[in-house]
Amino acid sequence: INAEYMGTPSECLFFFEMTLKALVSIKRVIDYTVKVRVRPDKLGVIKDNVKHSCNPFDEIAVEQAVRMKEKKLVGEIVAVSIGGPKSVEVLRGSALALGVDRAIHVKLPTDNDDVESLAVAKILHKIAEKEKPDVILTGKQAIDDDSCAVPQMLAGLLGWSQATFISELEVSGKTAKICRETDAGMQRLEVSLPSVISCDLRLNEPRYAKLPEIMKAKKKPLQEITADSLGVSTQPKIQILEVADPPTRAAGRKVKTVEELITKLKTEAKVI
């Protein structure tokens, strides 16, 4: 609760405003501009000496939390990232430098270690139990594994409401009105807080960090913990058998008439 004095001393009038606490999950991934290459052993992709950055959907989640703080809807923002030593760079550059108050780094042994969605949800569950946020903001999915599962799993573990793939968000008191994108169109819902909310592309446009804020971010609190300290195992339960490049598309063929196109679609492609 934020208390602000209003009026003269004799009036003794205070204005009380409820503010929320937001937890934002971010992930260090291979940059979206990089052409991903399969490892020689075909058990993953090459990550060494490759440009990494914050997951684009997570950047949207951070931006939304900061905007809510600027509107005085949120009093404190805590960012969490699960990853190797270089995940600290993402926490400072893509979260603390943009207005996040403090960060938690769940450190893994190396930057090449992967954590499955259920383990990520369990880690965030334990952190949420300690931090007691009113809202958890995440990207709708990570662009490296495209699992799109952590927000839903996390909401289930916490027993909270969930709003996924949102493109609009309006918070009032202990409720949030959202618009989410579905295959059938736009769906408008109202959810009660606390809630897990996953952010889609059209929710906002993330800002860039300014140099003074980047320098200030180096002094902001960043706590380092391990998954073991939370009682969560990160041992994989899914075995990767093979990772392969998508098949090369065959060259297109030109036809002279519509009739010839229809014939080929029937007899060769067999799609009609």
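**A walk from one glutamate outwards**

Let's start at Glu168, which is partly exposed, with a relative accessible area of 38%. On this scale, buried means under 20% relative accessible area, exposed means over 50%, and partly exposed is in between (1.4 Å probe, protein chains only). This is a predicted model, in which local features need pLDDT of at least 70 and side-chain atom pairs count only at pLDDT 80 or more, while totals for chains, interfaces and linings use all residues. Residues are numbered from 1 along each chain as its sequence is written, and side-chain values use heavy atoms, leaving out hydrogens and water.

What does the side chain of Glu168 meet in a salt bridge? It's Arg188, at 3.0 Å from N to O. (A salt bridge here is a side-chain nitrogen of Lys or Arg within 4 Å of a carboxyl oxygen of Asp or Glu.) The pair ties together distant parts of the chain: Glu168 sits in strand S9 (residues 161–172) and Arg188 in strand S11 (residues 185–192), 20 residues apart. Arg188 is exposed, at 59% relative accessible area.

Strand names like these come from DSSP runs, numbered from the N terminus: helices are H or I runs of at least four residues, strands are E runs of at least two. The protein chain has six helices and 13 strands, and its C-alpha trace spans about 90 × 45 × 40 Å along the principal axes.

Back to the charges. Arg207 pairs with Glu70, with the closest N and O atoms 2.7 Å apart. Arg207 is partly exposed at 30%, whereas Glu70 is exposed at 51%.

Then there's Lys27, bridged to Asp145 with the closest N and O atoms 3.5 Å apart. Both ends are in loops: Lys27 between strand S3 (20–26) and strand S4 (28–30), Asp145 between strand S8 (135–139) and helix H4 (150–158), 118 residues apart. Lys27, at 23% relative accessible area, is partly exposed, and Asp145, at 38%, is partly exposed too. Elsewhere, Lys21, Glu76, Arg102 and Glu131 are linked in a network of salt bridges.

How about the cysteines? A disulfide is a pair of cysteine sulfur atoms within 2.5 Å, and by that rule the count is zero. Cys54 is in no disulfide, as its nearest cysteine sulfur, that of Cys199, is 12 Å away. The sulfur of Cys148 also has Cys199 as its closest partner, and 12 Å is too far for a bond. Cys54 counts as buried at 3%, while Cys148 is partly exposed at 22%.

Finally, the surface. Val258, Ile262, Val271 and Ile272 make a nonpolar patch of about 380 Å². Patches are built from residues with over 30% relative accessible area and no salt bridge, joining like charges within 9 Å and nonpolar side chains (Val, Leu, Ile, Met, Phe, Trp, Tyr) within 5 Å. Ile262 is in helix H6 (residues 258–267) and is partly exposed, at 36%. Overall the chain exposes about 16400 Å², with carbon and sulfur atoms supplying 54%; such areas come from the Shrake-Rupley method with a 1.4 Å probe, and for residues only the protein chains shown count as cover. Of the 272 residues, 39% count as buried.
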